[in-house]
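Hello,

Here is the structure I promised to pass on. Please open it first, then read my notes below.

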Amino acid sequence: MLTGIKMVRPDNRIRFAWEIFVLVVIIWTIINIPVYVVFFSGSAEHSADITELILTIIFLIDILIRFNTAVIVKRKLITSRMEVLKIYLRGWFWIDLAATIPFWFILGGPGFAVTLQTLNLLRIARLLKLFRAVQTLRRARTSILLNPNIVRMVLLVFWILVTAHLVACGWIYIEGDIADVSNVKQYIMAFYWTITTLTTIGYGDITPKETIQMLYTICVEIIGAGLYGFIIGNIANLIANLDIARAQQREKIEKINTFMQYRNLPTDLQKKVNDYYNYIWETRRGYDETSVLHELPVSLKTNVSIFLNKEMIEKVPLFRGAGDALIRDIILNLEPVVYTPDDYVVKKGEMGYDMFFISRGTVDVVSEDEKIVYATLSAGHFFGEIALLLSTPRTATIKTREYCDLYRLNKDIFDRVLERYPVFAEKIKDMAEKRNMEIKSSK
Ligand code: CMP
């Protein structure tokens, strides 16, 4: 009958939601079962309640779902039910099974002479699902698009609390019931003992008296020493990595500043360099688009470039109505360049080998002596096409008013694009002629 059911893909959303649900159940189990075992294991009124039954059903369904979920092994999707079964039976199945068996119902039935205490103690087997929780959280960690360091930090705190909870419950179990102390107070005392021992602080106000307590304390102290070092190391590492981009940027600026001071660069130039890095940080978090794209395979590079340049492309009237192929051809060949305020992007009379699209910022189109301003261009405009189209020297000077993010397109690509897309060529030629006339008429 099972063979009639289609195998569920591991990335199926409902499947993932189920896994999260099971995770919540496991966390609930991890918190509840130890408390239950240490405080109520001797009392019959708290035994075999409905939760036992519910847990068994949930964990059983979980096993059935796992039987029917394709798995990924070494990046290969395995959909054959037999294969999946084999893989499951070779490992996790036994842990899942042990956590699912309702010992209480089976061994508590007639014909078994098991004490109430042992029966309750067997519930600890449910804690085996803890390993599942580790696996699910690891999987969820990679699919959450939050800062991975923050996710790691949250998980670290979570695991510390789980460990402390289990150790505290273990201590209560070993310590036995303390007369005249409520369960809550006893738990708080045990938790306090756990934290002071695990963190190696050990005030010594709660001390082991029995041999078994001493042995337990020794184990916790050893775990504590290792765990403490691990936690401190991890947290230091996490904090250092929390904003790795900012840390790198700071380091870069510090190095450059040291260099500029060492080489006695004029203060205003040093200030300009610092301003430039601030601009790069504010506009792109210090990442240079070219180097980010450089590492990607072509298909991803195209998609990322299109996404990054979408806004700019939408602003350029010239591209309106242009086909996807043309936009792809151009986008893949655009080179981002940054200009600081009052920079000359092109100078009148020079030979030109590139044209530019403005993504951010404003530039002035001015005469050679900068006395006449022919036009002011901003985001979405382009310039530098005349020299390429007419093979003449630059007809005007282009000076930036502020920080400008431009995209440069070189002549070879420009020529190739014009050849391939005649409608686009026509539009750009019209524009160039109009501008050329304007300049000539204003002389
Ligand atoms: P090019 O001659 O290569 O270099 C200077 C650029 O200024 C020129 O190409 C045009 O893109 C641009 N330009 C010239 N005249 C004008 C104008 N009147 N309005 C807008 N842009 C212009």
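**What I found**

Ile-50 lies in helix H2 (helices, H or I, are DSSP runs of at least four residues, strands, E, of at least two, both numbered from the N terminus). Ile-50 is exposed, with a relative accessible area of 56%. Here, buried means under 20% relative accessible area, exposed over 50%, and partly exposed in between, with a 1.4 Å probe and protein chains only.

This is a predicted model, where local features need pLDDT of at least 70, side-chain atom pairs count only at pLDDT 80 or more, and totals for chains, interfaces and linings use all residues. Residues are numbered from 1 along each chain as its sequence is written, and side-chain values use heavy atoms, with hydrogens and water left out.

**Surface patch**

Ile-50 belongs to a nonpolar patch on the surface, along with Leu-53, Ile-54, Ile-57, Ile-61, Phe-105, Ile-106 and Phe-112. Together they have about 710 Å² of accessible area (Shrake-Rupley method, 1.4 Å probe; for residues, only the protein chains shown count as cover). Patch residues have over 30% relative accessible area and no salt bridge; nonpolar side chains (Val, Leu, Ile, Met, Phe, Trp, Tyr) are joined within 5 Å, like charges within 9 Å. H2 gives the most, with 5 residues.

**Salt bridges**

The structure holds 20 salt bridges (a side-chain nitrogen of Lys or Arg within 4 Å of a carboxyl oxygen of Asp or Glu). One joins Asp-62 and Lys-129, with the closest N and O atoms 3.0 Å apart. Asp-62 lies in helix H2 and Lys-129 in the loop between helix H6 (116-121) and H7, so the pair ties together parts that are 67 residues apart in sequence. Both residues, Asp-62 and Lys-129, are buried. They also belong to a network of salt bridges with Arg-66, Asp-96 and Arg-132.

**Ligand**

The ligand is surrounded by 15 residues (each has a heavy atom within 4 Å of it). Among the closest are Gly-384 and Arg-394. Two polar contacts (pairs of N or O atoms within 3.5 Å) are worth a look. A polar side-chain atom of Arg-394 lies 2.7 Å from an oxygen atom of the ligand. For Gly-384, a backbone N or O atom lies 2.8 Å from an oxygen atom of the ligand. The protein covers 98% of the 460 Å² of accessible area that the ligand has on its own.

Best wishes

How values were computed: Polar contact = N/O pair within 3.5 Å; in protein donor to acceptor, adjacent residues only side chain to side chain.
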